[in-house]
Amino acid sequence: MTKKIFIWLLSFFYRPRGDKYYVLIKDKRTCSVCGKRTKRGVQGIRGPNKDKVFCVLCYLYEVPDKVDRILAKLCTPLLNIFLGLVVIIAAAIIACSYYPFSTSDQSVALYEFGNELKIDAEGKEKIVEYFYHLTSIAKREDISRGQIRIQVEAALKTRFPLLMLAIIYRESLFDPGALGEWITVDYKGKKIKTRARGNTQVLPTWTERLIAEGIIEEERDLQDPVLGVRSGEFIFCQHLIEEKGDILMATKEFVGSSKPDPLNVQYVRDVFETYGELRLLLMSMKEEGEFPLGNGLTKCC
Ligand SMILES: [Zn+2]
């Protein structure tokens, strides 16, 4: 069966050659076997096929040893090509599964630690109120509930909802238009002056990468309330991958340095203080209905 298919395929490409038994036909002739008109066939000049005309396909069937020789000749190269393809495909599969940025979902799924939280509409509003209260204390009268709500909703769609919210609060007090101080950083071997932008205070040195990842379209998007959150999440995840899942180190890296700088230490503490308060806020909400505190106390005393 395979050989039949092979002969059929071969008949499209094979150019018959004349020898002492056959000559090439030079005009259109009718095949003596299948009756097809053909221009590429041969005509027998000696032996049992004398005066018979063969089209290429019938010729290949007529002289089976010819096909066998071609097959034998092709066998080794075909086997090599097949083995080569197997090796290339296997290498590609292995490379894909180890490439950390192939799909960001896969690469950070291991580090997820907020997924046990199911934050419903009520929980979301509690978070909004919590931050609204905090921004009021910080005298940021220009930050509205609606503005906070947009950013809370965006953060709840990230892999680290509460941590992202704590970072947003620490970085910008929920101000998507926040601009950091001018700083000098190394970028592509050059020292450039730049300032962090947006609610997660992303340095524009990340712009190129974020555009390549399809998160933002231009640098100004860093000051978009939703894209700022997504950019912050992406950068945090990159630090998390670099730090092999160490959330504390990744948070330190997010500030720009994991060195024991007193400012960074305070930054990280601020973030985790807010993070802890948010968790407690949501936990107490859950327990209000399910486990009244009074019961627990009377039981244990
Ligand atoms: Zn024929």
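Trainee: What share of the contacts in the chain with a separation of 6 or more comes from residues 24 or more positions apart?
Mentor: Two residues are in contact if their C-beta atoms, placed from the backbone, lie within 7 Å. Among such pairs with a separation of 6 or more, those from residues 24 or more positions apart account for 52%.

Trainee: Where do these numbers come from?
Mentor: This is a predicted model, where local features need pLDDT of at least 70, side-chain atom pairs count only at pLDDT 80 or more, and totals for chains, interfaces and linings use all residues. Residues are numbered from 1 along each chain as its sequence is written.

Trainee: How many helices and strands does the chain have?
Mentor: Helices (H or I, at least four residues) and strands (E, at least two) are DSSP runs, numbered from the N terminus. On that basis, the chain comes to 12 helices and 7 strands.

Trainee: How many residues of H7 are buried?
Mentor: A residue is buried if 20 or more other C-beta atoms lie within 10 Å of its own, exposed if 12 or fewer, and partly exposed in between, with C-beta atoms placed from the backbone. Across the chain of 301 residues, buried ones make up 25%. H7 is mostly covered, and its buried residues number 12 of 12.

Trainee: Are H6 and H7 parallel, antiparallel, perpendicular or oblique to each other?
Mentor: Helix H6 (residues 145-156) and helix H7 (residues 161-172) pack at about 140 degrees, with axes 8 Å apart. Axes are lines fitted to C-alpha atoms, for helices over the stretch in contact, and angles run from 0 to 180 degrees between N-to-C directions. Angles under 35 degrees count as roughly parallel, over 145 as roughly antiparallel, 65 to 115 as roughly perpendicular and the rest as oblique. H6 and H7 are therefore oblique.

Trainee: Which residues in H7 meet H6?
Mentor: On the H6 side, the residues are Gln151, Val152, Ala155 and Leu156. Their partners in H7 are Pro161, Met164, Leu165 and Ile168.

Trainee: Is Asp51 buried or exposed?
Mentor: Asp51 is found in the loop between strand E4 (42-44) and strand E5 (53-54). With 8 other C-beta atoms within 10 Å, Asp51 is exposed.
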